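Hi,

Here is the structure I promised to pass on to you.

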Amino acid sequence: MSAIDTLPPLREVIASHGLSARKSLGQNFLLDLNLTAKIARSAGDLGECDVLEIGPGPGGLTRGLLAEGARHVLAIEKDARCLPALNEIAAAYPGRLTVIEGDALRIDPLEHLTPPIRVAANLPYNVGTELLVRWLTPDKWPPFWTSLTLMFQREVAERIVAQPGSKAYGRLAILAQWRSNARIVMNLPPQAFTPPPKVSSAVVHLTALPEPRYPANPKLLEKVVAMAFNQRRKMLRAALKGLAPDIEDRLIAAGIAPTDRAETVSLEKFCALARSLEG
Ligand code: SAM
């Protein structure tokens, strides 16, 4: 395998900066730079883009993104111990890497980024899911990003791309597929990480659609879907009865049988139901 840059191998970086992995920060590092370069390539053409990377850690994916030609990378890392290693990468790629120390859930990165913007991250599961939902539910669409390339537990990745009728189908699938194209682009076994996590992982690539696939009020759609899947075993006439006194009529108007359960209803029909509840 060829080296992607002239910086030291990640094992050396981790040893020299004392970056023992911390469970509390969900630290499972990718040390194979050919693999991180491959993930960077799956994010699309980076040459004309700024990339927002959340959770760079010792910088494996960061180096992949820069080696693959990202115009500028803004990396937000919560663990201050990683900053010296990240600063060494910044020195090797003058003017192309900005590092911010902090919690990505509390930082607004937009003032440091110039469109078009792609997002790439290998994050702890809970932070990743929370950020994904935020990125999928802004007030305005199209969003600030053109694509998201995100590592998840395989089970979460499957929930994002799930189709009606499957166990994995739910709120994440609806939110993701309503306004983006989402697909799994890579599967990774636990051994790809140091230390290895308990479960397999997958990279999901989402590209923002210029406008939602079907018209619907975002807040109403989110509300309907949250209620429908909160009690996914119930018939929809029962699960959604708090929404409107004539919910059965509205379900029928949207082409949904009142006895259907949420997991069999298509995105298109959920959008029709949200429209029928408007006003
Ligand atoms: N990107 C590196 C890689 O692929 O090897 C590290 C991945 S590790 C799974 C997750 C990284 O996210 C860690 O470096 C951790 O410190 C960082 N992190 C965890 N929570 C964070 C948060 N709320 N904001 C920013 N970074 C966070």
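Predicted model: local features only at pLDDT ≥ 70, side-chain atom pairs only at ≥ 80, totals over all residues.

Let's start with the second largest pocket: its lining has 13 nonpolar, no polar and three charged residues.

Residues are numbered from 1 along each chain as its sequence is written, and side-chain values use heavy atoms, with hydrogens and water left out.

Back to that pocket. It is lined by 16 residues, and nearest its centre are Asp 108, Pro 109, Arg 134, Trp 135 and Phe 144. Strand 2 and helix 5 are the elements that give two or more residues to this lining, and helix 5 provides the largest share, three residues. The space in the second largest pocket is about 290 Å³.

A pocket is found on a 1 Å grid over the protein atoms alone: an open set of points where a 1.4 Å probe fits, with protein on both sides within 12 Å along at least five of seven lines, and lining residues have an atom within 4 Å of a point. Its volume is the space filled by probe spheres set on the points, which are joined across faces, edges and corners. Helices (H or I, at least four residues) and strands (E, at least two) are DSSP runs, numbered from the N terminus.

Now, which pocket does the ligand take up? The space taken by the ligand is the largest pocket, where "sits in" asks for more than half of a molecule's atoms within 2 Å of the grid points. The volume of the largest pocket is about 930 Å³. Its lining counts 41 residues, with Leu 25, Gly 26, Gln 27, Leu 123 and Pro 124 nearest its centre.

Around the ligand there are 21 residues (near means a heavy atom within 4 Å). Leu 30, Gly 55, Glu 77, Asp 103 and Asn 122 are the closest. By class, this shell has nine nonpolar, seven polar and five charged residues.

A side-chain N or O atom of Glu 77 is 2.6 Å from an oxygen atom of the ligand. A backbone N or O atom of Gly 55 lies 2.8 Å from a ligand nitrogen atom, and a polar side-chain atom of Gln 27 lies 2.9 Å from a ligand oxygen atom. Taken alone the ligand exposes 590 Å², and the protein buries 98% of that (Shrake-Rupley method, 1.4 Å probe).

Finally, the peptide bond from Trp 141 to Pro 142 is cis, with omega near 5°.

Cheers

Note on methods. Polar contact = N/O pair within 3.5 Å; in protein donor to acceptor, adjacent residues only side chain to side chain. Nonpolar A, V, L, I, M, F, W, Y, C, P; charged D, E, K, R; others polar.
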